[in-house]
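I opened this notebook to record a search for salt bridges. The structure is placed below for reference.

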Amino acid sequence: MIYKKLIYYIIIFLPIIQHSISKDVYINNSSDFMNYFSKNDSEDTVTIRINNEVEISNSDEVIILENKISKLVFQGMSKEVSSLNLSNVPNGIIFSSSIEKVEFLNIRIDANSNENCIMIENSDTLFYKSNLYGDPSCTRIVNYYGNNKSKISINETVVSGKGVNSLFHISKGTIESVLSIYMNFFSVDKPGGAFYIEDSDYSNFYNCTFHHGYSKDRGAGTLFYVSSDPGFVTELTLNHITETDIVTKTKDGKGLIIFCNNRKL
């Protein structure tokens, strides 16, 4: 009798429990996006489903996502069909530390803002089978702050600065990238065309391609490592890396890797 009652309660209440911890939100336009994130709800797992091109519009204020979410997923149907266009978000989007994990899957992102196209704070982050594109108004497409505890993974993804901006600024976060292409990155007044990596203790790039980069100052620096601590040690793993058409205006180095302030490999 007790066993039968237990089975009954599992059948009745399990769907309710699953629904309470996992939520799908369909975003078709800017209003849907702003309305959901303005609620500041606390959720376990939220999947933002994008099945078309969604152009986000906002005033001059930055969009700060402060919802308390354990895992936030932006899920597209494919990079050709699903896109998140930030062209009308002048000051970018900030994913605050209240979001523990962020994933971008099968989606295209067009960034357009000032310093912070996309800023992610203290969240484990995954870009998978996605495309990211810059804009002349961007300094860098993604600014990532890991606080020495978070990881950013970029897998089977294409990232293009479109010949006008740098790609990533990574601070105090672990980096892993597999089967990804970084291209058309451009740096005028800041080093690190593809990656500017600051105080990060581990990086792993496997089967990645770096193509067509230009730097006016301090070398092309496809991977540019820097630390204010002369004794800081970083571990870097590179396997099956292709680098083509990297150009620098100055003569202080245009190699794949540049280390500053006594960084050690």
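The entries that follow concern charged side chains and their accessibility.

Entry 1. I noted that this is a predicted model, in which local features need pLDDT of at least 70, side-chain atom pairs count only at pLDDT 80 or more, and totals for chains, interfaces and linings use all residues. Residues are numbered from 1 along each chain as its sequence is written, and side-chain values use heavy atoms, with hydrogens and water left out.

Entry 2. I searched for salt bridges (a side-chain nitrogen of Lys or Arg within 4 Å of a carboxyl oxygen of Asp or Glu). The count came to six.

Entry 3. I looked up Arg-49 and found its side chain in a salt bridge with that of Asp-24, at 2.9 Å from N to O. This pair links distant parts of the chain, 25 residues apart: Arg-49 lies in strand S2 (residues 42-50) and Asp-24 in strand S1 (residues 22-26). Strands are DSSP runs of E, at least two residues long, numbered from the N terminus.

Entry 4. I then checked accessibility, where buried means under 20% relative accessible area, exposed over 50%, and partly exposed in between (1.4 Å probe, protein chains only). Arg-49 is partly exposed at 26%, and Asp-24 is partly exposed at 40%.

Entry 5. I turned to Lys-101, whose side chain meets that of Glu-103 in a salt bridge (3.5 Å, N to O). Lys-101 is partly exposed at 33%, whereas Glu-103 is buried at 8%.

Entry 6. I recorded a salt bridge between Arg-108 and Asp-110, with the closest N and O atoms 2.8 Å apart. Arg-108 is partly exposed at 29%, whereas Asp-110 is buried at 13%. Elsewhere, salt bridges that share partners join Lys-71, Lys-101 and Glu-103 into one network.

Terms used. Helix = DSSP H or I, 4+ residues; strand = E, 2+ residues; numbered from the N terminus.
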